[in-house]
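This report is for a reader meeting the structure for the first time. Please look over the sequence and the model before reading on.

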Amino acid sequence: MKKTILSLAILSALLVSCNETKHKHESTDTVETTEGVHEHEMEEMAAETHTMHNSWVNEIKLDNGNKWEANLETTEGVDKMLNLVKTSDPKTVEDYHTLASKLNEDKNYVVKKCTMEGPSHDNLHVFLHPLIEKIEALGKVSSTDEGAEVTASIKENLEGYYNYFQ
């Protein structure tokens with residue numbers, strides 16, 4: 001009888017200890033997953049900050065010290081977007097969303113009509129990629145302060161075009 005009780009006690013102790021180890025392992029997995037999500041969010045925030053501060057100017061190159069030749073439609077599209085930003089006077093979040101929609105249409109025109117090739121085309125993409133991200137961000141703003149900040153960054157991006165393309 002004593003052997004049976006002793007055996008049951010040892011078996012119970014083993015089962016309890018295995019169960020505790022399993023819970024500790026699950027807790028560790030949860031922490032690791034949460035940390036992974038946190039790192040991903042931090043990377044996204046860093047990318048947004050990178051885009052909003054127009055760091056693309058550190059990546060773009062001139063054509064041996066000269067501006068790149070751009071096709072007429074590209075320059076017209078950039079002119080139209082810049083004029084739209086300069087003349088718009090958004091007052092509400094919805095106004096910023098509307099501005100984003102109009103800018104997106106003009107950006108799509110530029111992309112569709114682009115006939116540039118080679119290094120000039122590659123450098124146009126250095127200019128366009130952050131602009132596209134900013135227009136998308138403008139369409140998702142949730143406050144007028146955020147909308148004003150993104151719009152100012154878009155304006156700066158568009159004005160920078162003329163430093164690299166003609």
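## Basis

This is a predicted model, in which local features need pLDDT of at least 70 and side-chain atom pairs count only at pLDDT 80 or more, while totals for chains, interfaces and linings use all residues. Residues are numbered from 1 along each chain as its sequence is written, and side-chain values use heavy atoms, with hydrogens and water left out.

Helices (DSSP runs of H or I, at least four residues) are numbered from the N terminus. Buried means under 20% relative accessible area, exposed means over 50%, and partly exposed lies in between (1.4 Å probe, protein chains only).

## Salt bridges

The structure holds 3 salt bridges, each being a side-chain nitrogen of Lys or Arg within 4 Å of a carboxyl oxygen of Asp or Glu. One of them joins lysine 80 and aspartate 106, at 3.6 Å from N to O. Lysine 80 is in helix H2 and aspartate 106 is in helix H3 (residues 93–113), so this pair ties together parts 26 residues apart in sequence. Lysine 80 is exposed, at 53% relative accessibility, whereas aspartate 106 is buried, at 10%.

Lysine 91 pairs with aspartate 89, with 2.9 Å between the closest N and O atoms; both residues are exposed. Lysine 155 pairs with glutamate 159 at 3.4 Å. These two residues lie in helix H5 (residues 144–164), 4 residues or about one turn of the helix apart. Lysine 155 is partly exposed at 31%, and glutamate 159 is partly exposed at 33%.

## Asparagine 71

Asparagine 71 sits in the loop between helix H1 (2–52) and helix H2 (72–87). Asparagine 71 is buried, with a relative accessible area of 9%. Its side chain makes a polar contact of 2.4 Å with the side chain of threonine 74; such a contact is a pair of N or O atoms within 3.5 Å, one able to donate a hydrogen and the other to accept it, and residues adjacent in sequence count only if both atoms are side-chain atoms.

Beyond residues up to four places away in sequence, asparagine 71 touches Lys113, Cys114, Thr115 and Met116, where contact means heavy atoms within 4.5 Å.

## Nonpolar core

A nonpolar core is a set of buried Ala, Val, Leu, Ile, Met, Phe, Trp, Tyr and Cys residues joined through side-chain atoms within 4.5 Å. The largest one has 29 residues, and those touching the most other members are Leu103, Phe127, Leu138, Ile154, Leu158 and Phe165. Two or more residues come from each of H2, H3, helix H4 (118–138) and H5.
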